[in-house]
Amino acid sequence: MGKFGGLLRLSRFGFGLLVVSAFIMMPGAMAWSKEGHIMTCQIAQSPTLMEAFAEEQYFIFQALLEPEAAEAVRNLLPDYVNGDLSALCTWADQIRHWYKYRWTSSLHFIDTPDEACTYDYSRDCHNPNGVQDMCVAGAIKNFTSQLSHYGEGSSDRRYNMTEALLFLSHFVGDIHQPLHVGFTSDEGGNTIELRWFRHKSNLHHVWDREIILTAAADFYSKDMDLLLEDINANFTDGVWADDVPSWKECNDLLTCPNKYATESINIACKWGYKGAKPGTTLADDYFNSRMPIVMKRIAQGGVRLSMILNRVFGHSHERMAAAT
């Protein structure tokens, strides 16, 4: 059982040049930390343990991504990443301040009324100028709809499918970070300045990165692969295994992001903001009680990303008729 389980348990060529320049020119990622986004995408592409034979000591694995979806992902990614979606899961953060992509800044989050602890798409999904659908739930809806046209091939030039894939993969991660569906006045905890153990931070960054890095340092000698192994173990045959079918439940791909956003604001109110006033010091008590929640949200994001990609690329004509 894992450590936290013990507590609970363009053209592809042109796009490749754009991505390389983004990673050279832009500073570190925002949103889930780069580690959180990478793990979300790694989970979506990872094999899951289906059956174990203790005496023979071998395992049977089944990939979360079905073959048709896995092939589509490989086809859309630039060649230099060798089919690894996680290599570009932070791309949407890297380019959000470029002039061409400044319009995407509001797509990473949802601002909800202070202390309401509720989310309503028609009320909350807009950018600072009031333009509707410009929030992370609206972005997931939009890019899911765009990817539903993948089967139409090169005849449909309305969308850049590679960008749609990368935006979708990133925003599914964002919507599972609870403080990305936070209060308006504090910008999802960004303006709540406090201390994380001995250094200065803010509440949003605590949930983006501090908890992940502290867990990696305390329990895994800063080895993110070992941390990811424990997350995988907890949802394949561990404490979350029985919950996975409910994570995948989705009658309508275009409205299910609303459920994910509601989960996040509920967690933000119950666990994020609680005990995190400006100027306070968050330490062991906060870390130990919130760390399992962060890891579970990363797992949920990865599992749900694979579900969306399977539905879009595997059954686009059957499941996405309403989006086209």
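The torsion about the S-S bond of Cys125 and Cys135 is about -100°, so this disulfide is left-handed. By disulfide I mean a pair of cysteine sulfur atoms within 2.5 Å. Here the sulfur atoms are 2.1 Å apart. Both cysteines sit in the loop between helix H6 (121-124) and helix H7 (136-147), 10 residues apart. Helices are DSSP runs of H or I with at least four residues, numbered from the N terminus. Cys125 and Cys135 are each buried, meaning under 20% relative accessible area with a 1.4 Å probe, protein chains only; over 50% is exposed, and in between is partly exposed.

Before I go on, this is a predicted model: local features need pLDDT of at least 70, side-chain atom pairs count only at pLDDT 80 or more, and totals for chains, interfaces and linings use all residues. Residues are numbered from 1 along each chain as its sequence is written, and side-chain values use heavy atoms, with hydrogens and water left out.

How many disulfides does the structure hold? There are four. Counting bonded cysteines along the chain, the pattern is 1-2, 3-8, 4-5, 6-7.

One of them joins Cys41 to Cys89, with the sulfur atoms 1.5 Å apart. The S-S torsion of Cys41 and Cys89 is about -55°, so that disulfide is left-handed. Cys41 belongs to helix H3 (residues 34-45) and Cys89 to the loop between H4 and helix H5 (91-94), so the pair ties together parts 48 residues apart in sequence. Cys41 and Cys89 are both buried.

Next, Cys250 and Cys256, whose sulfur atoms are 2.1 Å apart. Is that disulfide left-handed or right-handed? The torsion about its S-S bond is about 120°, so it is right-handed. Cys250 and Cys256 are both buried.

Now helix H4, residues 67-76. Its buried residues are Ala69, Ala70, Ala72, Val73 and Leu76. They span an arc of only 160° around the axis, which puts them on the same side of H4. That arc is taken from the directions from the helix axis to the C-beta atoms. In general, an α-helix has 3.6 residues a turn, so residues three or four places apart point the same way.

Last, Ser289, in helix H13 (residues 284-314). Ser289 is partly exposed, at a relative accessible area of 25%. A polar atom of its side chain lies 2.8 Å from the backbone oxygen of Asp285. The C-alpha atoms of Ser289 and Trp271 are separated by 8.4 Å, and these residues are 18 apart along the chain.

Notes. Helices (H or I, at least four residues) and strands (E, at least two) are DSSP runs, numbered from the N terminus. A polar contact is a pair of N or O atoms within 3.5 Å; within protein, one must be able to donate a hydrogen and the other to accept it, and residues adjacent in sequence count only if both atoms are side-chain atoms.
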